[in-house]
Amino acid sequence: MKNFIRNLSRRSKRRILILFDCITILAALYLALALDAKAAVPMASLQEAAFLFPLLMAIGGVLVSFIGLPRIKLSAYENHGIVLSALASLSLAAMGLLVTAMFPVTIAKSTFVVFGGLFFIISVTARLVGQKILLLMFEDETIRKRVLVYGAGQAGGQLAAALAMTSEVKPVCFVDDDPALAGLIVGGLPVISARNIEKTITDRRIERVVVAIPSAPDSRRRELLRDLSDLPCEVLALPSFIDLLDGKQDLVESLKPISLDDLLGRDLVDLELPEVAQTYAGKSVVITGAGGSIGSELARQLLRCGIRHLTLFDHSEYALYSIERELSEVAHAAGIKLSARLGSVTDPVQVGNCFTTAEAEIVLHAAAYKHVPLVESNEAVGMYNNVHGTKVVADAALAHGLERFILVSTDKAVRPTNVMGSSKRLAELVIQDLASRHQTPLFSMVRFGNVLGSSGSVIPLFREQIERGGPVTVTHGDVTRFFMTIPEAARLVLLAGSYARGGDVFVLDMGAPVKIVDLAETMIRLSGRTLRNEQNPDGDIAVEITGLRPGEKLYEELLIGSDMLTTPHAKILRAQEEKLSELEVANFLRDLQVAAQTGDADAMRNIIMRHVAGHEIARASSDT
């Protein structure tokens, strides 16, 4: 039977439903006539009304098909389907009255009111019973996860109804903060007080909690999500109504795992300033490293700023192909020219040709090698790409008369303990030197903390380790990092371009740093697993301390000095930091060129020791 149902085509299923509705019409008409005769109301006999059966069945079959009742999947039959059933019932009753008015029969008008009501009752009841039978029939093939819906409001009720139609999950109950709702039944499910949520999860064997309070303020949602992170089950969140209105119209498809930016203990920084778009409107913009996490997000946001031409520049063919494919339709719809150029930022000819072809006016330099352990073991290549590449792009910006140059930097450039951070500080020094000698382009730099979800960050690594069953590896129990989201990071770059005066270093106030070990433990709990430690030796996943990697710091800083200036945005600060002279910059660039050509990693380290303030690199390097 199961195979027969599975193998039925959609057209065959519709024909079966039409046939069922036709049979329902016959049954409802017969019962209505019989009931009317039993009540001794003056009417024609059943024999006299026999012609009505084939006539109303034919008309009714066409009518229910036109209304669309057979097109509703049985597994998805709910409020909308019931409304269509009611519409079909009213239409059939009206058609019956119309037919009898055209033929000489003595059937009471009330008979067709009863006929419409009986059709509605039979149609709805049979479909709901069939729906339950199908769910029970196939339930043994798929183990349905038991779900608790947090929030018994309108969104929660709609979500529970939608989830009940799926074969993957089974809504079990609601939990709500409102004590007035406790003990009520909503959509056939009991509402339980939030005070009893832990007991409810244990007693009812809940495997997943879905938070369905999209109208709640962000602060309340974050507080609730932090509280729920300790529960021994997976936690998912329904997006806010703003997110749903952005195009996620299906409540079930809009369910998402709790994003970690909800758990970092600070509000997301609002960087949506309308005047920023004016800086880029009508301009030709080049993004280096456009295939990376930050470069690609910059490209997405720039397409909303009304630019004239966007050029994506990257040395990775696949990354460039991916971002161009993603943005091509959006750019076309917005009337923005989109170009993709393969090339290396260390090649002056390729960069110069790119600027010429694009008639570039603004460049956002996001191309860099950023993975600390890889750059640590490949000093010459990493230093050359990050420092010399920045010089090449900046010189091209000067030569082609660009208006603005924005360098994407990192908090690891402050008192660096690794080659990657040192290379980014040297890149900053190159830009500070050029800014001190040239009024155009307007040179500026932006320092990020760690970016959530970017390639190489701990978040994807932790997710992968949790999916494998652990352990989750943390290098040190006291390691802390500043975190920001990819949209925050990209918007900060665009704001820096708008606020730049020349030689500025912009940083974002990201609140308190986050302990990585706390982040790891939170992710384990949110995945529905339990933390294995001395207090809970039978837990699912342990956190393993592996030791600091070469060049890794316990904590990061955003500023070298203490001098900070304000900007038009309260959360964005401008630092004016010490610079090197033109001669010093020229010397380390010359030494860098020689060291890169010979692959001399020790020479690279000497450059760092002589020119990077606050460096703490003491490890002997290995050759690349």
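This report describes surface patches, strand pairing, selected helix residues and backbone exceptions in a predicted model.

## Basis of the values

The model is predicted: local features need pLDDT of at least 70, side-chain atom pairs count only at pLDDT 80 or more, and totals for chains, interfaces and linings use all residues. Residues are numbered from 1 along each chain as its sequence is written, and side-chain values use heavy atoms, with hydrogens and water left out.

Helices (H or I, at least four residues) and strands (E, at least two) are DSSP runs numbered from the N terminus. Accessible areas come from the Shrake-Rupley method with a 1.4 Å probe, and for residues only the protein chains shown count as cover. A residue is called buried under 20% relative accessible area, exposed over 50%, and partly exposed in between (1.4 Å probe, protein chains only).

## Surface patches

Patches consist of residues with over 30% relative accessible area and no salt bridge; like charges are joined within 9 Å, and nonpolar side chains (Val, Leu, Ile, Met, Phe, Trp, Tyr) within 5 Å. A salt bridge is a side-chain nitrogen of Lys or Arg within 4 Å of a carboxyl oxygen of Asp or Glu. Lys and Arg count as positive and Asp and Glu as negative, while His and the chain ends are not counted. Each charge is placed at NZ of Lys, CZ of Arg, CG of Asp or CD of Glu.

Arg11, Arg14, Arg15 and Arg71 make up a positive surface patch. Of these, arginine 14 belongs to helix H2 (residues 10-38) and is partly exposed, at 34% relative accessible area. A nonpolar surface patch consists of Tyr30, Leu31, Leu35 and Val114, which together have about 350 Å² of accessible area. Helix H2 is the main contributor to the nonpolar patch, with three residues. Leucine 35 is in H2 and is partly exposed, with a relative accessible area of 47%.

Strands of a sheet pair through backbone hydrogen bonds, in a parallel or an antiparallel sense. Here two strands are said to pair if DSSP finds at least two bridges between them. Strand E4 (residues 189-193) is largely enclosed by the rest of the structure, because four of its five residues are buried. Strand E2 (residues 169-176) pairs with E4 in the parallel sense over three bridges, and aspartate 176 faces serine 193 of E4. Strand E3 (residues 185-186) runs antiparallel to E4 and is joined to E4 by two bridges, with valine 186 opposite leucine 189 of E4. The hairpin of E3 and E4 has two residues between the strands, and in this hairpin glycine 187 has a positive phi near 60°.

Strand E5 (residues 208-211) pairs with E6 in the parallel sense over four bridges. Valine 210 has leucine 236 in E6 as its bridge partner. Strand E6 (residues 234-237) is covered on both faces, with Glu234 and Leu236 buried on one side and Val235 and Ala237 buried on the other.

## The E15-E21-E20 sheet

An open sheet of three strands has the order E15-E21-E20, with parallel pairing. Strands E15 (472-474) and E20 (531-532) are at the edges with a single partner strand each, so one side of each has no neighbour in the sheet. Between E20 and strand E21 (residues 541-545) there are two bridges, in the parallel sense; arginine 532 stands opposite alanine 542 in E21.

Serine 85 is in helix H4 (residues 79-102) and is buried, at 0% relative accessibility. Its C-alpha atom is 6.1 Å from that of phenylalanine 120, 35 residues apart along the chain.

Glutamine 593, in helix H20 (residues 582-598), is partly exposed at 26% relative accessible area.

## Backbone exceptions

Most residues other than glycine have a negative phi, and most peptide bonds are trans. Threonine 440 and proline 441 are joined by a cis peptide bond with omega about -5°; proline 441 is in the loop between helix H16 (419-437) and strand E13 (442-448). Another cis peptide bond, with omega about 0°, joins glycine 470 and proline 471. Proline 471 is in the loop between helix H17 (458-467) and E15.

Arginine 205, not a glycine, has a positive phi of about 55°. Arginine 205 is in the loop between helix H7 (197-203) and E5 and is exposed, at 54% relative accessible area. Glutamate 359 also has a positive phi, near 50°. Glutamate 359 is in the loop between helix H13 (348-358) and strand E11 (362-365) and counts as exposed at 55% relative accessibility.
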